[in-house]
Amino acid sequence: MIVRQLTCRGLINSHLHLHLKRQWGNQDMARPSSDLAALREIFSKANDIAIITGAGVSAESGVPTFRGAGGYWRKWEAQKLATPEAFSRNSSRVWEFYHYRREVMLTKNPNAAHLAIAECEERLSKQGRNVTVITQNIDELHRRAGSKNILELHGSLFKTRCMSCGHEAANYKSPICAALEGKGAPDPDTDDAQIPVQQLPRCEQKGCHGLLRPAVVWFGESLDSDIVNRTEKVLDSCDLCLVVGTSSIVYPAAMFAPQVAARGVPVAEFNMENTPATMRFKFHFPGPCGTTLPAALARHETEQE
Ligand SMILES: [Zn+2]
């Protein structure tokens with residue numbers, strides 16, 4: 001079972017470092033290449049491309065990702081609000097936080113990286129080739145850009161799940177309920193709206209009326225096993241793996257990229273970071289992925305029209 005933990009990143013990293021040490025031992029660790037032509041050559045022959053995306057892709061669209069130093073909403077660390085315990089203690093506050101995040105998304109748009117991925121999927125599908133996006137992002141910007149094959153590891157801001165009957169539904173209402181209208185301001189001085197639980201979003205299944213929660217994976221919760229199984233399948237069959245807007249040593253890519261690299265499949269990173277473990281993967285293209293990715297995924301000269 002894969003559980004999203006507060007310490008997830010640290011745990012996985014230390015585990016991964018051991019794993020990598022064993023696996024690569026004293027082998028030569030050439031610096032990763034930034035040779036775009038060499039990547040394009042591999043890309044032109046790849047039939048199953050897995051693209052793992054992280055917070056950096058959303059950040060380039062101006063989406064607050066509530067990670068690291070800026071990870072506060074009002075006076076709370078966002079990670080402390082994204083837990084089942086916080087929701088049972090104060091559903092109104094947690095709903096205000098998610099309402100804010102949903103409403104912010106109405107003002108944001110997919111960027112050049114999202115669009116390049118979606119365009120590539122559509123183009124390659126006509127050639128009988130597959131592109132699958134595996135993302136930790138919950139903002140649906142990949143879907144809005146036009147991607148179809150998307151595995152959302154952490155769920156979506158625009159899905160709800162009923163606490164009583166378990167029903168999951170897409171929900172794009174703005175505001176999601178009358179009581180949340182105008183609520184959710186992020187400033188630290190804002191008072192909680194203290195909305196009675198009966199006025200928070202409720203299930204519309206016949207005869208249920210249970211309390212709804214955001215259908216996202218909170219810290220301490222397991223990832224959806226169906227999504228994990230489908231992700232494993234994609235990773236086992238891909239012949240090229242791109243890691244975009246995150247690093248291969250940082251969760252979630254850290255769970256996946258090493259197993260792909262261990263099969264001898266090229267892994268290419270597109271991010272702002274330059275970590276020592278970047279060395280273990282074949283390609284690294286530093287810089288904003290909205291700039292670097294479109295050139296990598298554009299039509300190759302060998303592709304049929
Ligand atoms: Zn229900």
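His154 sits in the loop that links β5 (150-152) to β6 (155-162). This is a predicted model, and the unreviewed UniProt entry puts an "active site" annotation on His154.

Is His154 buried or exposed? It counts as buried, because 20 C-beta neighbours fall inside 10 Å and the cut-off for buried is 20 or more. Setting aside residues within four places in sequence, His154 makes contact with Gln136, Ile138, Val216 and Val217.

Next, the cysteines. The "binding site" annotation, again from the unreviewed UniProt entry, covers Cys162, Cys165, Cys203 and Cys208. Along the chain they span 47 residues, yet no two of their C-alpha atoms are more than 8.9 Å apart, so the four gather at one spot.

Cys203 belongs to the loop between β7 (168-170) and β8, and Cys208 is found in the loop between β7 and β8 too. Cys203 counts as buried because it has 20 C-beta neighbours inside 10 Å. Cys208 has 16 inside that distance, so it counts as partly exposed.

Which residues does Cys208 touch, leaving out those up to four places away in sequence? They are Cys162, Ser164, Cys165 and Cys203. With neighbours within four places in sequence left out, the contacts of Cys203 include Cys162, Cys165 and Cys208, along with His167, His209, Gly210 and Leu212.

Now for the packing. In the largest nonpolar core, which has 47 residues, Ile51, Ile52, Cys241, Val244 and Ala257 touch the most other members. Helix α7 (residues 112-125) is the top contributor to this core, giving 7 residues. Beyond its close sequence neighbours (up to four places away), Ile51 touches Ile117, Val131, Thr132, Val133, Ile134, Leu242 and Val244.

There is also a second, separate core of 18 residues, with Trp73, Trp95, Ile138 and Val217 among its members. Two of the names there, Ile138 and Val217, also turn up among the contacts of His154. As a rule, nonpolar side chains in soluble globular proteins tend to be buried together.

## Helix α6

Helix α6 (residues 91-105) has 15 residues, which should span 21 Å at 1.5 Å a residue; the end C-alpha atoms are 21 Å apart, so the two agree.

Its buried residues are Val94, Trp95, Glu96, Phe97, Tyr98, His99, Arg101, Arg102 and Met105. What do they pack against? The partners are β2 (72-73), α4 (78-81), α5 (84-89), β6 and β8 (212-216). Trp95, one of these buried residues, is also listed in the second core.

Definitions and conventions. Residues are numbered from 1 along each chain as its sequence is written. This is a predicted model: local features need pLDDT of at least 70, side-chain atom pairs count only at pLDDT 80 or more; totals for chains, interfaces and linings use all residues. UniProt positions are given in the numbering used here, feature names are shortened, and annotations may be inferred rather than shown by experiment. Helices (H or I, at least four residues) and strands (E, at least two) are DSSP runs, numbered from the N terminus. A residue is buried if 20 or more other C-beta atoms lie within 10 Å of its own, exposed if 12 or fewer, and partly exposed in between; C-beta atoms are placed from the backbone. Two residues are in contact if their C-beta atoms, placed from the backbone, lie within 7 Å. A nonpolar core is a set of buried Ala, Val, Leu, Ile, Met, Phe, Trp, Tyr and Cys residues joined through C-beta atoms within 7 Å. The expected span of a helix is 1.5 Å times one less than its number of residues.
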